[in-house]
Amino acid sequence: MTAERHAVTTTVNGTRYVRRVESRLLLTDFLRHDLGLTGTRVGCEHGVCGACTILYDGEPVRACLMFAAQANGHSVTTVEGLAPERGRLHPLQEAFREAHGLQCGYCTAGILMTMKAFLAERPSPSEDEVREALSGNLCRCTGYQHVVDAVLLAAAKLRGAPA
Amino acid sequence: MKPAPFRYVAAESLAAALALKAEHGDDARFLAGGQSLVPAMNFRLAQPAFVVDINGLSELDYVRAGTAGALRIGALTRNRTLERDALVTERQPLVREAVPHVAHPQIRNRGTLGGNLAHADPASELPAVLLALDGRLRAQSARGERWIAVGEFFRGVFTTALRSDELLAEVELPALPPRAGTCFLEVARRRGDYAMMGVAAVIALGEDGRCTHARLAYCNAGDTPVSAAAARGLVGSRVAEAEIRAAAAAAERELDPPGNVHASKAFQRHLAGVLTRRALQSAVDRAKASR
């Protein structure tokens with residue numbers, strides 16, 4: 001079977017890309033292999049682990065459960081788009097560094113993207129709300145406590161950050 | 001774990017999507033949120049020859065008031081929308097209460113009501129909610145459309161009454177009776193996991209405080225969402241504590257859940273009894289508060 005290809009024009013982290021993709025190419029693999037944005041991790045590939053979470057038109061979704069062809073005409077933000085500029089970290093990233101919110105780091109990109117959307121909606125969450133919001137992202141190293149600490153610290157940083 | 005090759009078509013109109021389905025039947029699958037279909041394709045449990053992407057069909061994405069207090073929801077409505085929509089909360093608080101139990105925010109951002117129902121996973125919450133609310137479903141095909149009562153829709157595990165050329169286009173939920181209260185409760189091992197047992201309860205009270213309407217429906221209790229006849233015993237009663245306990249005990253005896261690796265049949269039954277009692281009490285309290 002000759003692989004059928006589709007034209008995809010998509011904006012990733014503010015940059016417009018035009019590519020041709022095979023129907024079955026997953027959005028995760030498109031980001032990593034075609035665009036070289038390897039910050040988005042591939043974990044379970046069936047929507048359970050959350051490592052591949054990206055923002056799709058501003059909302060967190062599993063990139064492993066979308067085809068690259070679907071991104072045509074849509075915008076994507078990956079972890080590479082989080083920091084405001086080279087050499088500076090986003091307050092979420094600073095908080096994860098300061099509170100030791102990661103060990104191996106494999107789940108971190110997905111958690112950061114999930115929390116970016118969550119804190120935009122809930123700027124002053126309780127610890128319980130943070131734990132619930134994290135429930136769709138598996139971490140096998142930390143036991144979550146430092147992740148929760150980091151998210152609460154990030155919330156405080158973001159509340160105090162100049163608009 | 002990558003999907004097998006397939007042809008992808010982003011449908012530009014509902015008519016075009018239905019024509020493709022009419023032509024290719026079971027070889028074609030509609031892609032809505034993809035939160036069940038794409039994992040199945042990644043595992044190669046599903047290998048459709050055609051994937052018809054309906055995400056561009058905004059005419060299937062709506063929540064609107066129907067006649068006589070009904071609520072009409074387009075099949076492409078995301079679960080996250082149901083969670084946030086003011087009309088859903090006002091007219092069908094049971095839906096609002098159940099939706100946050102459906103997986104995680106990332107999944108609910110993509111997953112749709114129509115996809116959830118058409119997937120017909122008996123462990124899923126929304127089929128049981130639809131059953132408790134006596135909803136009906138509109139199937140559309142190139143031949144026309146038809147309405148399917150919820151009791152006729154779910155035929156088995158992952159099996160519905162939809163024909164191979166049909167698209168689930170809309171769900172209609174009739175208005176709750178006057179002085180109604182509803183409650184959804186489940187027990188899951190972790191937030192966002194499938195329920196080991198879940199119950200949707202609807203109670204309505206007459207002017208005299210006696211029960212005029214009662215529904216109990218369960219998820220993960222069989223091959224389809226399951227309703228309990230035990231609810232009927234409440235009609236005409238004052239749904240006091242003793243009557244609620246009796247109905248919960250009757251539901252526990254009546255249900256025949258399959259049991260699974262996380263919860264034995266006996267444990268599932270026990271959960272059903274406890275959850276039924278709590279959900280009925282909440283529904284009654286809410287019905288009284290709605291006066």
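Modeller: Residues are numbered from 1 along each chain as its sequence is written, and chains are lettered from A in the order in which they are written. In this predicted model local features need pLDDT of at least 70 and side-chain atom pairs count only at pLDDT 80 or more, with side-chain values using heavy atoms.

Colleague: What makes F153(B) and F154(B) an edge-to-face pair?

Modeller: Rings of Phe, Tyr and Trp (its six-membered ring) pair if their centres lie within 6.5 Å; planes under 30 degrees apart count as stacked, over 60 as edge-to-face and the rest as tilted. The centres of F153(B) and F154(B) are 5.0 Å apart and the planes stand at 90°, so the pair is edge-to-face. The structure holds two aromatic pairs over all chains.

Colleague: Why is R64(B) said to sit over the ring of Y62(B)?

Modeller: The rule asks for NZ of Lys or CZ of Arg within 6 Å of the ring centre and within 35 degrees of the ring normal. The charged end of R64(B) is 3.7 Å from the ring centre of Y62(B). R136(B) likewise lies over the face of W147(B), at 3.8 Å.

Colleague: Why is C52(A) called buried?

Modeller: Buried means under 20% relative accessible area, exposed over 50%, partly exposed in between (1.4 Å probe, protein chains only). C52(A) has 4% relative accessibility and therefore counts as buried.
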